[in-house]
Amino acid sequence: MNFPFPPRTFSATAMAAAIAFALAGCAVGPDYVRPAMDVPAAYKESGPWKQAQPQQIDSSNWWEVYGDATLNGLIQQANQANQNIRVAEAQYRQARAAGDAARAGFWPTAGISAGVDRSRTNSNGIKVGNSYNAGLQGSWEPDIWGSVRRSVEAGDAGIQASAADLAAARLSIQATLAQDYLQLRITDLLKDLYARTTAAYARSLQLTQNQYAAGVALRSDVALAESQLKTAEAQALDLQAQRSQLEHAIAILTGKAPSGFNLTALPADTQMLSKMQAGLPPVPAGLPSDLLERRPDIASAERQVAVANANIGVAKAAFFPALTLSASGGFNSASLAQWFDTPSRVWSLGAALAETIFDGGLRRAHSDQAIAVYDAAVAQYKQTVLGGFQEVEDNLATLKVLDQEAIAQNQAVQASQLAERLALSQYRAGTATYLTVVTAQTLSLGNERTLVQLLGRQLLASVALIKAVGGGWDSSQLSSQLNGDQHAGQAQNNSQNNTTN
C-alpha cells in the first residue's frame, strides 16, 4: 500500500488528531445556573380592578387598550423611525455578528498563496535565477478545553441580551410616546375647560357691568370680574405652551422634525372627560415571579450573567496547552514548465503543542477579572429585579389611591358646580355679594381642573404599570429569536453553497 505521506509522520499526526477529538468533549469553567432570587408570593399593593375584569394585554400591540386610533398610528411610526430603536437594532446586529465570529472558531483556516522570486546566490560562483511557488495551507486548533464552546456560549447569550435590550428600548419608546400623547389629550381637555370657563367669566363680567350701570353693583365688582377673566385667559395661554412642548416631543419620538408635525386638538365635547374616564384600562399585574419572564430589561441582565459565566471558562482554558494541527502542499520550481514535475512538489504535515510556562500572572489576572465581572453581573441582575418589583408596587399603589381620589374629586366637582349656580342666582337676586360668586367660581374651576389632572395621572400610571410588567413581552421570544437567527444563517450558507456549486 502506498501512503501519500511517510507512514511514521502520518501515524504521529493521526495520533495527535485522535487525542484532540477524544479531549474535545471537555470544557473547563462553571456551567451556567441562573442566580437564585427571593421572589415574594404576591405584591403588597393591590390594584383598582377587584370589582372589574382585568383587560388582557396584547404582547404585540399593548397600546391598543386605550382605544385611540391616532395613538396606534403614532406608535407604529415610532417603531419604524425612532432613532433610539434603530441604535438598539444596530447593536443587536452587532451582537449577532460577534456570535458568528465566535462560532467560526470551530472550523479550520485555509489559505492559498502564489509568488515569484528572483535572487542571486554565491555558493559556487555567482548565479542569478527565478523561483516560482504556489501552495495551499491549512491549520486547525481543536477546541480541547472548550474555549471556543464557551466563547460561542457567551456569544449566544450576548445575542439574547441584545435582543432583550432592543425589546426594552422599543417598550420604553412606546411607553414614553403613549404618556406624552395621553398628557397632550389631557391638555386638550384642560384647554376646553378653560375655554368654557372664560366664556362663563365673560358672561359674569357682562352681568356685573349691567348691574353697575343699573346702580345695584359696585365698581369693585366689575374690577373683580374683569380680573378673574384675565387670569383665566392667561392660564389658558400657558396650556398652549405645554401642549406645544408635548407635540414637539411626540414628533421626535416618531422620527420627525417638530416643524413638520402637527396633532389636531380634540373636538369640543363636554362628555369627553367622562368618555376618557370610562376608557381607563384595568391592567393586571400578575405575580412577582412572572416579572422575571416578562420584563426585557430583567431578561437582558440575566443573559449578561450567562455571558460573564461563559467568559470565566474562556479565561480558565488559557491555563491549558494548545494543540495546533497544520498541513500545506504545493509546488516550488525554478521554471514554470517544471512546476508539475514530481521533484517540484512540496508538502508538510504536523502538530504542535504549546503551553505558556510564565506570563507574570497575566492568565490569573484575566481569570480573576472574569470572576469579578460575573459577580458584578449577578448583583446587577438582582438589582434590576428588585427595581422591577418597586416599579410595579409604586404604580399599583398610585392607581389604587388615584382611583379613590377620583371618586372623591367627582363629588367635589358636583358640589362646587352647585355652589357656583346658587351663588350666581343669589347675586342676581341681590342677596349675595360678587365676592361670593368669585369664590364659588374659583373653587369650581379648581376642582374641575384637579379632576382632569387626576385623569391624566391615572392614564400615565396605567402606561407605567404596563411598562413595569413588560408590556406583554415574554422571554421565550429570546430562544425563538436565537434559533431563528441560526436557521437563517444556515439557510444563507446553503444558498451560497448551491450558488457556488
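Predicted model: local features only at pLDDT ≥ 70, side-chain atom pairs only at ≥ 80, totals over all residues.
Two packed helices are described by the angle between their axes and the distance between the axes. For helix H3 (residues 83-103) and helix H4 (residues 147-213), the axes come within 8 Å and cross at roughly 170°. Angles over 145 degrees count as roughly antiparallel, and H3 and H4 are therefore roughly antiparallel to each other. The contact of H3 with H4 is made up of 12 nonpolar, 7 polar and 5 charged residues.

The length of H4 was also compared with expectation. With 67 residues at 1.5 Å a residue, H4 should span 99 Å, and the 96 Å between its end C-alpha atoms agrees with this. Gly215 follows H4 and has a positive phi, near 80°.

A search of the whole structure for aromatic pairs finds 3. Residues under 20% relative accessible area count as buried. Trp62, with a relative accessible area of 2%, is therefore buried, and Trp63 is buried with a value of 1%.

In an unreviewed entry, UniProt lists residues 71-98 and 222-249 as "coiled-coil region". In the model, residues 71-98 are 96% helix and 0% strand, with end C-alpha atoms 37 Å apart. Residues 222-249 are 100% helix and 0% strand, and their end C-alpha atoms are 42 Å apart.

Notes
Residues numbered from 1 in each chain as written. Heavy atoms only, no water. Axes fitted to C-alpha atoms, helices over the stretch in contact; angles between N-to-C directions. Helix = DSSP H or I, 4+ residues; strand = E, 2+ residues; numbered from the N terminus. Parallel < 35°, antiparallel > 145°, perpendicular 65-115°, else oblique. Nonpolar A, V, L, I, M, F, W, Y, C, P; charged D, E, K, R; others polar. Expected span 1.5 Å × (residues − 1). Phe/Tyr/Trp six-rings, centres within 6.5 Å; stacked < 30°, edge-to-face > 60°. Buried < 20%, exposed > 50% of the residue type's maximum accessible area, 1.4 Å probe, protein only. UniProt positions renumbered as here; feature names shortened; annotations may be inferred.
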